[in-house]
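Here is a short briefing on one protein model.

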Amino acid sequence: MTDGQHASVEDFHNYILVTGANGGLGYAICCRLIDEFMLTRPSSHSLRLIITTRDKTKSHDTIAKLKDHIFRTRKHHKLHEKTPLVAKIYLQAEQVDLCQLRSVQTLVKRLIRSLPKLDTVILNAGHG
């Protein structure tokens with residue numbers, strides 16, 4: 001930023017989408033993003049982590065595992081539950097079959113309606 005520019009409120013909100021987040025590398029990426037956010041960002045920031053899987057059961061299970069990861073990380077680093085950064089992590093599950101163009105288009109329409117921006121997309125999903 002130059003002297004004449006001011007950061008907008010949206011600059012403090014990070015929106016990251018990870019495909020294939022229910023296991024392996026995708027899940028590890030999500031955990032690392034959460035860890036880095038909790039340990040390095042100022043309390044004025046927030047993180048919306050959007051995970052994609054092919055079905056609701058996998059999404060539900062992944063969100064539960066990520067919440068458990070947040071709990072364990074918080075406990076390990078002795079962060080209180082009400083610590084601003086812990087409270088500012090939002091997990092959002094979306095279902096998409098990346099092999100089906102119609103499914104991808106539907107997801108894109110939902111995201112356009114519900115998000116102000118998308119900062120990062122990590123295309124991790126394999127062919128299913």
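Helices (H or I, at least four residues) and strands (E, at least two) are DSSP runs, numbered from the N terminus. The model is predicted: local features need pLDDT of at least 70, side-chain atom pairs count only at pLDDT 80 or more, and totals for chains, interfaces and linings use all residues. Residues are numbered from 1 along each chain as its sequence is written, and side-chain values use heavy atoms, with hydrogens and water left out.

**Overall**
- The protein has four helices and four strands.
- From the N terminus, their order is β-α-β-α-α-β-α-β.
- Of its 128 residues, 32% are buried (under 20% relative accessible area; exposed is over 50%, partly exposed in between; 1.4 Å probe, protein chains only).
- Of the contacts (heavy atoms within 4.5 Å) with a separation of 6 or more, 74% join residues 24 or more positions apart.

**Helix H2: length and ends**
- H2 covers residues 56-76, and its end C-alpha atoms lie 30 Å apart.
- Asp-55 caps the N-terminal end of H2, with a side-chain oxygen 3.1 Å from the backbone nitrogen of Thr-57.
- Just after H2, Lys-78 has a positive phi of about 55°.

- Buried in H2 are Ser-59, Thr-62, Ile-63, Leu-66, His-69, Ile-70, Thr-73 and Arg-74.
- Seen down the axis of H2, these buried residues fall within an arc of 130°, so they line one face (the arc is that of the directions from the helix axis to the C-beta atoms).
- The face turned away from the buried side of H2 carries exposed Thr-57, His-60, Lys-75 and His-76.

Technical notes. The expected span of a helix is 1.5 Å times one less than its number of residues. A polar contact is a pair of N or O atoms within 3.5 Å; within protein, one must be able to donate a hydrogen and the other to accept it, and residues adjacent in sequence count only if both atoms are side-chain atoms.
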